[in-house]
Amino acid sequence: MSRAAKIAGGALLAGGLVRTIADQIGAAGALQKNLRESVGLLGQVGPAADRTFGQFAAQVANLSREVGVAQQEISGGLYEALGAGVPKGNAIEFLRVASKASIAGVTDLATTVDGLTTVINAYGLKASDAQKVSDSLFQTVNAGKLTFAELSDSIFNVAPVAASANVSLQEVGAAIATLTAGG
């Protein structure tokens, strides 16, 4: 190999490494930002905020390893979940369910968190009901002709009205599945 080719190859390798390092620094910054914003939603300051930040950082890292979703995506989901009313004590378990649903539904975590919290809030359920809600949404997807993302992105149109009219989530899901399956 010529000296020029070796130098060019080395430059390309170095450039790739620099981009990789820059990407990792950017992801770490975004993770930190998401976690700080999540703590901010709780109204905590000082040592209490620092403790919660440390707890969230450890829990997000553990959940990321468990479910195979990037920490940055989980920390963004944490912010969205807390902002939608998921209690701090239920947030990580909620995100475990939402992460698994996003993987199975072939969508991103933010979309799944939005769909789950919309239904939970509309029906006055608890964050601990996330698995039941997820299962019900998947039944709708399986029986109908739509994706989890499409259902999650549109459930806000019907869930609050259906809940106020005492129409169950299962009935809503059956109607959606029937309508979409029929074209």
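Helices here are DSSP runs of H or I with at least four residues, strands are runs of E with at least two, and both are numbered from the N terminus. With that in hand, the order of elements from the N terminus reads α-α-α-α-α-α-α-α-α. The protein has nine helices and zero strands.

A word on the source. This is a predicted model, in which local features need pLDDT of at least 70, side-chain atom pairs count only at pLDDT 80 or more, and totals for chains, interfaces and linings use all residues. Residues are numbered from 1 along each chain as its sequence is written, and side-chain values use heavy atoms, with hydrogens and water left out.

Now the overall picture. The protein has 183 residues, and 38% of them are buried. Buried means under 20% relative accessible area, exposed means over 50%, and partly exposed lies in between, with a 1.4 Å probe and protein chains only. Next, contacts, meaning heavy atoms within 4.5 Å. Take those between residues at least 6 apart in sequence: 59% join residues at least 24 apart.

On to a helix pair. Two packed helices are described by the angle between their axes and the distance between the axes. Helix H2 covers residues 46-67, and helix H4 covers residues 91-104. Their axes come within 11 Å and cross at roughly 30°. So H2 is roughly parallel to H4. The cut-offs: under 35 degrees is roughly parallel, over 145 roughly antiparallel, 65 to 115 roughly perpendicular, and the rest oblique. Axes are lines fitted to C-alpha atoms, for helices over the stretch in contact, with angles from 0 to 180 degrees between N-to-C directions.

Which residues of H2 and H4 meet? From H2, Gln59, Leu63, Glu66 and Val67; from H4, Ile92, Leu95, Arg96, Ser99, Lys100 and Ile103. By class, that contact has five nonpolar, two polar and three charged residues.

Ser75 sits in helix H3, residues 71-83. Is Ser75 buried or exposed? Ser75 is buried, because its relative accessible area is 0%. Its side chain reaches the backbone oxygen of Gln72 at 2.9 Å. Beyond neighbours within four places in sequence, Ser75 contacts Leu31, Asn34, Leu35, Ser38 and Val60.

Thr112 lies in helix H5, residues 109-122. Thr112 also counts as buried, at 0% relative accessibility. Setting aside neighbours within four places in sequence, its contacts include Ala98, Ala101, Phe148 and Ser152. Thr112 and Val97 are 15 residues apart in sequence, and their C-alpha atoms are 9.5 Å apart in space.

Definitions and conventions: Polar contact = N/O pair within 3.5 Å; in protein donor to acceptor, adjacent residues only side chain to side chain. Nonpolar A, V, L, I, M, F, W, Y, C, P; charged D, E, K, R; others polar.
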